[in-house]
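Opening the notebook on a new model. I want to go from the overall fold down to the charged side chains.

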Amino acid sequence: MNDSRRADDEWPFESPQNLAVITLDRIMDGSNPVLYVTHDLDDGGWQFLDGGDVTEENAMIVALSQVAEHDPSIRQLADLPVGWYAFRESPGHPWERSQQTQ
């Protein structure tokens, strides 16, 4: 199934597939879903979080493509502008978007 998805979809992000992004070990190990995504205003970086507390110990830096492969629904956020964030209640709910405040 992964092969057919790759064949059908072009890379949707303007950022390269190997862009370093921030996520959490508990997301990448499948314990928690991505529920909160930021496209940071200060540096244009991406963060893929679960809405819980973040510590240095559970933060991870991975390639954007790894997160997109782990949770294909984040491809829907490829056009999220710098300075915006997206959130959802659970993986079955739609993403909502909002502009970050200073």
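First, a cut-off I need for later: I call a residue exposed when its relative accessible area is over 50%, buried when it is under 20%, and partly exposed in between. I also remind myself that this is a predicted model.

**Fold.** I looked up the secondary structure and got 3 helices and 6 strands for the protein chain. Read from the N terminus, the order is α-β-α-β-β-β-α-β-β. The radius of gyration comes out at 13 Å, close to the 13 Å of the globule rule for 102 residues, so the chain is as compact as a globular protein of that length. The C-alpha trace spans about 40 × 30 × 25 Å along its principal axes.

**Packing and surface.** I checked burial next: 34% of the 102 residues count as buried. For contacts between residues at least 6 apart in sequence, I find that 64% join residues at least 24 apart. The chain exposes about 6,300 Å², and carbon and sulfur atoms supply 47% of that.

**Charges.** I count 6 positive and 19 negative charges, and their mean positions sit 6 Å apart. How many salt bridges does a search of the whole structure find? It finds 3, and I went through them in turn.

**D50 and R26.** These side chains meet in a salt bridge at 2.4 Å, N to O. The pair links distant parts of the chain, 24 residues apart: D50 is in the loop between β3 (46-49) and β4 (59-63), while R26 is in helix α2 (residues 25-28). I looked up burial too, and both D50 and R26 are buried.

**D71 and R88.** Here the salt bridge is 2.8 Å, N to O. D71 lies in the loop between α3 (64-70) and β5 (84-87), and R88 in the loop between β5 and β6 (96-99), so the pair ties together parts 17 residues apart in sequence. D71 is buried, with a relative accessible area of 13%. R88 is buried as well, at 7%.

**D79 and R97.** I get 2.9 Å, N to O, for this salt bridge. D79 lies in the loop between α3 and β5 and R97 in strand β6, so the pair ties together parts 18 residues apart in sequence. Is D79 buried or exposed? Its relative accessible area is 56%, so D79 is exposed by the over 50% cut-off. R97 has 36% relative accessibility, so I log R97 as partly exposed.

Terms used. Residues are numbered from 1 along each chain as its sequence is written. This is a predicted model: local features need pLDDT of at least 70, side-chain atom pairs count only at pLDDT 80 or more; totals for chains, interfaces and linings use all residues. Side-chain values use heavy atoms; hydrogens and water are left out. Helices (H or I, at least four residues) and strands (E, at least two) are DSSP runs, numbered from the N terminus. The radius of gyration is taken over C-alpha atoms; the globule rule is 2.2 Å times the number of residues to the power 0.38. Buried means under 20% relative accessible area, exposed over 50%, partly exposed in between (1.4 Å probe, protein chains only). Contact means heavy atoms within 4.5 Å. Accessible areas come from the Shrake-Rupley method with a 1.4 Å probe; for residues, only the protein chains shown count as cover. Lys and Arg count as positive and Asp and Glu as negative; His and the chain ends are not counted. The place of a charge is taken as NZ of Lys, CZ of Arg, CG of Asp or CD of Glu. A salt bridge is a side-chain nitrogen of Lys or Arg within 4 Å of a carboxyl oxygen of Asp or Glu.
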